[in-house]
Amino acid sequence: MQSWGSMVPKRPLDSAADEVRAALGPALQRFGPDYWREQDAAKTFPTEFFDTIGQAGYFGTFIPEAYGGLDAGARVAAVLVEEINRAGGDAASVNAQMAICRTLVLHGTEEQKKQYLPGVASGDIRFLTVAATEPDSGANMAELASTARRDGDDWVINASKVLISFAEHTRLMILLARADEGTTLFLLDLDQVGGQVEMHPIDLVAHRMTSSLFIDDLRVPDSTRIGPVGEGLACLMKGFVIRRVLAASEAIGNARFLLDRSIEYAKTRKTFDQLIGVNQGIQYPLVQAYSKVEAADLMRWDVLDIVDRGEDGVPRSAMVKVLASEAAWETSRAALTTFGGWGLASEYHVERKLREGTVYVFNNLLMNLIADRALGLPKK
Ligand SMILES: Cc1cc2nc3c(=O)[nH]c(=O)nc-3n(C[C@H](O)[C@H](O)[C@H](O)COP(=O)(O)OP(=O)(O)OC[C@H]3O[C@@H](n4cnc5c(N)ncnc54)[C@H](O)[C@@H]3O)c2cc1C
């Protein structure tokens, strides 16, 4: 299925990527596209797959060894999520479990890290959720209505959040609320306080397990706070560069899955007594999509080099997320053209990948960021 890829010249990164691919191969074969089609249709959490990745140690990719992690870094994470998606899977839960705990690694107290990180690294504790978005403020996370009020040594939280991924499947959740001093993060252990968090699932076009949340006068000790009071958004944003690279990697994986399938189909499906792949109407959209995916891929490693050098990865990470998600979207369109009516049939997995691709294409705020940080254009 991937023989066309052997025509692409090897890049330096490919050896690290090959290691992850080799290690991951058996698991990805076991959980093929049909497994994901079933999860999607039944709208279930992919528990067996998730636990398998956990047993392989990957959830500790960003966790220091002192807390039971691998500390393997962003390259491994990027290859991992790409490969899961390239094999027809959905890496969203794995991506979340690997990356969300970085906020705790970077800003948590020693006590919090010791209590939770080893369990997160092993997968025994699910840490899949950041609850930031609100019904009124939407993308503007600086304007929160959810509040955290001090009361003695405790905090009293009132919150309303929407579109929160995996809320019903996680044990740990980072919640962003507004204290008098500004935005502040709290680590909610739903084993302890879950009974006071009301959740309602939101049905989306893609199987993303999002919910709305309501919290009414929840009292938590100050020891649940992550990072300084008033700096919650700043702490969260420190994780955004890597999260954008991982989102881009997922999009690249989805695009490559669709390219692999489409190229195979174009080489085997005959109509009008010829292979459909001889038609330029089939070739050109695939060529355009392929070229854009390759370009996004190169920029992804460039961003990771920038991060490794300790330079500012913000504008570049925004660019790669925009490029990769647009390339994946264009690839879905090319795949639909290639498969014709069968592209809409779930058994070919094109329609599922098309739906999964929708979650990446909201890029306006990233383009604002690029306009500001890379182009120096005026802003409001
Ligand atoms: C699948 C999925 C999973 C999600 N998971 C989570 C999660 O786990 N945790 C969480 O906190 N949130 C989550 N979200 C919410 C996501 O972060 C929000 O959808 C996003 O912040 C935008 O908020 P909104 O949808 O209310 O759009 P709005 O803020 O209402 O914006 C509507 C549109 O206007 C555009 N827009 C708004 N302001 C500007 C501007 N100044 N310039 C240009 N364009 C602008 C936006 O880009 C958007 O396209 C998830 C969303 C989805 C779809």
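1. Domains first: the bounds used here come from an automatic or database domain assignment. For this chain, the assignment gives domain 1 (3-122), domain 2 (127-232) and domain 3 (236-373). The C-alpha centres of domain 1 and domain 2 lie 25 Å apart. A word on the basis of all this: the model is predicted, so local features need pLDDT of at least 70 and side-chain atom pairs count only at pLDDT 80 or more, while totals for chains, interfaces and linings use all residues. Residues are numbered from 1 along each chain as its sequence is written.

2. Now the face between domains 1 and 2. Contact here is a matter of C-beta atoms, placed from the backbone, lying within 7 Å of each other. By that rule, 18 residues of domain 1 are in contact with 15 residues of domain 2. On the domain 1 side, the elements giving two or more residues are α2, α5 (92-99), α6 (102-107) and α7; helices (H or I, at least four residues) and strands (E, at least two) are DSSP runs, numbered from the N terminus. That side divides into eight nonpolar, seven polar and three charged residues. For the classes, Ala, Val, Leu, Ile, Met, Phe, Trp, Tyr, Cys and Pro count as nonpolar, Asp, Glu, Lys and Arg as charged, and the others, Gly among them, as polar.

3. Next, the ligand. Its shell has 18 residues, and the closest are A132, G138, A139, S165 and N364; a residue counts as near if its C-beta atom, placed from the backbone, lies within 6 Å of the molecule. β1, β3 (154-165) and α14 (364-373) each supply at least two residues of the shell. By class, the shell divides into 10 nonpolar, seven polar and one charged. The ligand lies between domain 2 and domain 3, because both give residues to the shell around it.

4. On to the core. A residue is buried if 20 or more other C-beta atoms lie within 10 Å of its own, exposed if 12 or fewer, and partly exposed in between, with C-beta atoms placed from the backbone. A nonpolar core is then a set of buried Ala, Val, Leu, Ile, Met, Phe, Trp, Tyr and Cys residues joined through C-beta atoms within 7 Å. The largest such core has 104 residues, and those with the most contacts inside it are A77, A131, I157, L175, F186 and V245. Helix α10 (residues 240-268) gives the most to this core, with 15 residues. I157 is worth a click: leaving aside neighbours within four places in sequence, it is in contact with A148, L175, A177, F186, I215, L218 and V220.

5. β3 and β7 (residues 210-221) run antiparallel and are joined by nine bridges; two strands pair if DSSP finds at least two bridges between them. β6 (residues 197-202) also runs antiparallel to β7, with six bridges. S211 of β7 is a handy landmark, being the bridge partner of I164 and of P201.

6. How many residues of helix α13 (residues 350-357) are buried? Seven of its eight, so the helix is mostly covered. The buried ones are V350, E351, R352, K353, L354, E356 and G357. What covers them includes α2 (33-42), α10 and α12 (314-339).

7. G123 deserves a look. This glycine is found in the loop between α7 (110-122) and β1 (127-131). G123 counts as buried because it has 21 C-beta neighbours inside 10 Å. Not counting residues up to four places away in sequence, G123 touches F50, D51, G54, Q55 and F59. The C-alpha atoms of G123 and A56 are separated by 9.7 Å, though the two are 67 residues apart along the chain.

8. Two backbone angles to check. K43 is not a glycine, yet has a positive phi of about 55 degrees. K43 is found in the loop between α2 and α3 (47-55), and counts as exposed because it has 11 C-beta neighbours inside 10 Å. D71, also a residue other than glycine, has a positive phi near 50 degrees. D71 is found in the loop between α3 and α4 (74-86), and is partly exposed, with 15 other C-beta atoms within 10 Å.

9. Last, V229, in the loop between β8 (225-226) and α9 (232-237). V229 is partly exposed, with 17 other C-beta atoms within 10 Å. Leaving aside neighbours within four places in sequence, V229 is in contact with A179, E181 and T184.

How values were computed
Two residues are in contact if their C-beta atoms, placed from the backbone, lie within 7 Å.
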